[in-house]
Amino acid sequence: MQLWIVGVGAALAEFWWVAPAAAGAGAVGFVGVRRGRTTRARRLGLTAAQHELQQARSDAVSARAAARVAQAELARVEAERAVGRAHPDDVRTARRALETAQRAKAAATATIRVARARVGAERAAVPARGTDPKHLPLARLMAAHDAIAARWMEYETDAARRLAFPALSDVRVPATAEFLRLEGIAREHRPASATATLTPEQFSTYRAAVDDTGRAFAAAEQEAWRLAGHRPDDAPADQSTAARWTIVATEAIARSVDGISRAAEGAASALDAYRSRRDGRDRDQHRP
């Protein structure tokens, strides 16, 4: 029994460092994972932009290959036509296919330029360590999405603007319907919170949906102003011009009220005239 106790004591003396080392390794591992998550969150916009650039390059390779194939197909059809084995319609079809392929190639090249510019912008905008979470890429993107929705809700909840610009509440207006459709898509891709874990592909998809929604709202807003009798360019681009659009809305309502008043006065005059004619006929009928 004494030998057993002595053996256990010797073992503990030999390996006393195992438990603290394991605990320390676990703590270091937790800190490393947390730091890794923070780094990914800070660089999410840049990583997504780099992914988009890679995809754009891949698409450009495919577009260039398709253009070469279309060029070769046109040459083949023209040769067949020269010996009478192809119809003129075949040549026209091949030319249209080549033109389509060349446009796709040009678009793919332009997309690469845009993707490169976005990579540069995102690299410059990577937040420093310790940045407030509300300034991280996903939080900024969600805030931009909320800002678009807030601008539209002002037309919905402000009685003056709703009366002055009814087109922004009317789904029969194509521009408004398109905005609401794209906003719904953006909502589908919106994460549950600004601290959610997204892959670069998911972030890119959500960012593209928000960008599309913003452009659609600008178009719908300009169309609403045009239908209200104003120049589309007068539509406010941001909240700093809220006072100006409130004045315009008030003027529009004033014009509407003035029109209603004139219509009411006209109806009253017509009713008075009708009554006068009717009273005249009644007097004529009762004369002896």
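Modeller: Buried means under 20% relative accessible area, exposed means over 50%, and partly exposed is in between (1.4 Å probe, protein chains only). The model is predicted: local features need pLDDT of at least 70, side-chain atom pairs count only at pLDDT 80 or more, and totals for chains, interfaces and linings use all residues. Residues are numbered from 1 along each chain as its sequence is written, and side-chain values use heavy atoms, with hydrogens and water left out.

Colleague: Is His-145 buried or exposed, and what is its relative accessible area?

Modeller: His-145 lies in helix H5. Helices are DSSP runs (H or I, at least four residues), strands are E runs of at least two, and both are numbered from the N terminus. His-145 counts as buried because its relative accessible area is 0%.

Colleague: Which residues does His-145 touch, leaving out those up to four places away in sequence?

Modeller: Contact means heavy atoms within 4.5 Å. With residues up to four places away not counted, His-145 touches Glu-183, Ala-186, Arg-187, Arg-190, Tyr-206 and Val-210.

Colleague: What span does H5 reach from its first C-alpha to its last?

Modeller: H5 has 21 residues. Its buried residues include Pro-137, Leu-138, Trp-152 and Tyr-155. The expected span of a helix is 1.5 Å times one less than its number of residues. For H5 that gives 30 Å, and the model is close to it, at 30 Å.

Colleague: What share of the residues in the protein chain is buried?

Modeller: The protein chain has 288 residues. Among contacts with a separation of 6 or more, residues 24 or more positions apart account for 72%. The buried share of the residues is 25%.

Colleague: Which residues have the most contacts inside the largest nonpolar core?

Modeller: A nonpolar core is a set of buried Ala, Val, Leu, Ile, Met, Phe, Trp, Tyr and Cys residues joined through side-chain atoms within 4.5 Å. The largest one here has 24 residues, and those with the most contacts inside it are Leu-138, Phe-179 and Phe-203.

Colleague: Which helix supplies the largest share of this core?

Modeller: Helix H3 (44–82), helix H5 (137–157), helix H7 (174–189) and helix H8 (200–227) each supply at least two residues of the core. The largest share is eight residues, and it comes from H8.

Colleague: Which residues are in contact with Phe-203, leaving aside its neighbours within four places in sequence?

Modeller: Phe-203 is one of the residues with the most contacts inside the largest core. Leaving aside neighbours within four places in sequence, its contacts are Leu-44, Gly-45, Ala-48, Pro-137, Leu-138, Leu-141 and Leu-198.

Colleague: Is Glu-122 buried or exposed, and what is its relative accessible area?

Modeller: Glu-122 lies in helix H4 (residues 88–124). Leaving aside neighbours within four places in sequence, Glu-122 is in contact with Gly-45, Leu-46, Ala-49, Arg-140 and Arg-207. Glu-122 is buried, since its relative accessible area is 14%.

Colleague: Which helices are included in what covers the buried residues of H4?

Modeller: H4 has 37 residues and reaches 55 Å from its first C-alpha to its last, close to the 54 Å expected. Its buried residues include Val-91, Leu-98, Ile-112 and Val-119. Their cover includes H3, H5 and H8.

Colleague: What distance separates the C-alpha atoms of Lys-105 and Ala-63?

Modeller: Lys-105 is also placed in H4. It counts as partly exposed because its relative accessibility is 36%. Not counting residues up to four places away in sequence, Lys-105 touches Ala-63, Arg-64 and Ala-67. Lys-105 and Ala-63 are 42 residues apart along the chain, yet their C-alpha atoms are separated by 4.9 Å.

Colleague: How far apart in space are Thr-39 and Val-126, C-alpha to C-alpha?

Modeller: Thr-39 is found in helix H2 (residues 18–42). At 25% relative accessibility, Thr-39 is partly exposed. Thr-39 and Val-126 are 87 residues apart in sequence, and their C-alpha to C-alpha distance is 9.8 Å.

Colleague: How far apart in space are Pro-166 and Ala-228, C-alpha to C-alpha?

Modeller: Pro-166 sits in the loop between helix H6 (159–164) and H7. Its relative accessibility is 48%, so Pro-166 counts as partly exposed. Pro-166 and Ala-228 are 62 residues apart in sequence, and their C-alpha to C-alpha distance is 8.2 Å.
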